[in-house]
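This briefing is meant to be read beside the sequence and the model. Please keep both in view while going through the points that follow.

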Amino acid sequence: MPPSRFVLRCLLLVVLLLHTADCTKNCRDRCCTFLENFPGRLKELRTSFAKIRDYYEDKDEIETALLDEDVLKDFKSDFGCHAMNEVLRFYLDTVLPTAANEKASMDYRYPIDSIFYIFNELKKETIHCRSYFSCKKPFELDSIMTSYKKMQGQGLYKAMGELGLLFNYIEEYMVSRKRKH
């Protein structure tokens, strides 16, 4: 490796380390650190979803959205952490286990497990950081659950196909929390 390339790489590493140290300096607690590190987790979610997106979107034959604008409004409201927690619970308890047990999805086991793991971690941190996020009243998941059940077997494909949309909602919520702190 030419010396100039080595020096450039070392300089980039130092800049990265200083930036990371600066972010860590600004965060003095677990919730702030979680929020600062979230963009990396979101990238992992999107990468995993990209591996399975076509399969689920191709099988989704229902025009009705499961995660509609009302869910986004709930995420943006004062009780956004409860909304996110309930939607994550729905995916963790219902959607992702069903997807993981589907025969055709055995090829997609790793991305589904990765999404499950990150969602589980996100749910735990959201619960732990409730006061940090200034969360207000609870969110009701009933309308999503009712729609999902009406879709019967197609509900899985709808819910999995809308993961990208859910990631966007979660990102908007996290960014809105960052501005307040």
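In the protein chain, residues 24 or more positions apart account for 87% of the contacts with a separation of 6 or more, where contact means heavy atoms within 4.5 Å. The model is a predicted one, in which local features need pLDDT of at least 70 and side-chain atom pairs count only at pLDDT 80 or more, while totals for chains, interfaces and linings use all residues. Residues are numbered from 1 along each chain as its sequence is written, and side-chain values use heavy atoms, with hydrogens and water left out.

**Overall make-up**

- The protein chain has eight helices and zero strands, with helices (H or I, at least four residues) and strands (E, at least two) taken as DSSP runs and numbered from the N terminus.
- Of the 181 residues of the protein chain, 42% count as buried; buried means under 20% relative accessible area, exposed over 50% and partly exposed in between, with a 1.4 Å probe and protein chains only.
- The protein chain exposes about 10,600 Å², and carbon and sulfur atoms supply 54% of this area, as computed by the Shrake-Rupley method with a 1.4 Å probe, where for residues only the protein chains shown count as cover.

**Helices α3 and α4**

- Helix α3 (residues 69-76) packs with α4 at an angle of about 130 degrees, and their axes are 6 Å apart; the axes are lines fitted to C-alpha atoms, for helices over the stretch in contact, and angles run from 0 to 180 degrees between N-to-C directions.
- The two helices α3 and α4 are therefore oblique to each other, given that angles under 35 degrees count as roughly parallel, over 145 as roughly antiparallel, 65 to 115 as roughly perpendicular and the rest as oblique.
- On the α3 side the contact is made by V71, D74 and F75, and on the α4 side by G80, A83, M84 and V87.
- The residues of this contact divide into five nonpolar, one polar and one charged; Ala, Val, Leu, Ile, Met, Phe, Trp, Tyr, Cys and Pro count as nonpolar, Asp, Glu, Lys and Arg as charged, and the others, Gly among them, as polar.
- F79 is found in the loop between α3 and α4 and, at 13% relative accessibility, counts as buried; its C-alpha atom is separated by 5.0 Å from that of C135, 56 residues apart along the chain.

**Aromatic pairs**

- The count comes to eleven aromatic pairs, where rings of Phe, Tyr and Trp (its six-membered ring) pair if their centres lie within 6.5 Å, with planes under 30 degrees apart counting as stacked, over 60 as edge-to-face and the rest as tilted.
- The rings of Y55 and Y157 have their centres 6.4 Å apart and their planes at 70 degrees, so the pair is edge-to-face.
- This pair links distant parts of the chain, with Y55 in helix α2 (residues 30-59) and Y157 in helix α7 (residues 154-161), 102 residues apart, and both Y55 and Y157 are buried.
- Ring pairs also link F49, F90, Y91, F119, Y148 and F167 into a cluster.

**Polar and charged residues in helices**

- N85 lies in helix α4 (residues 80-101) and counts as buried at 14% relative accessibility; leaving aside neighbours within four places in sequence, N85 is in contact with K123 and I127.
- E125, in helix α5 (residues 109-128), counts as buried at 14% relative accessibility and touches R30 and F34, not counting residues up to four places away in sequence.
- K51 lies in helix α2 and, at 48% relative accessibility, counts as partly exposed; leaving aside neighbours within four places in sequence, K51 is in contact with Y108, Y110 and P111.
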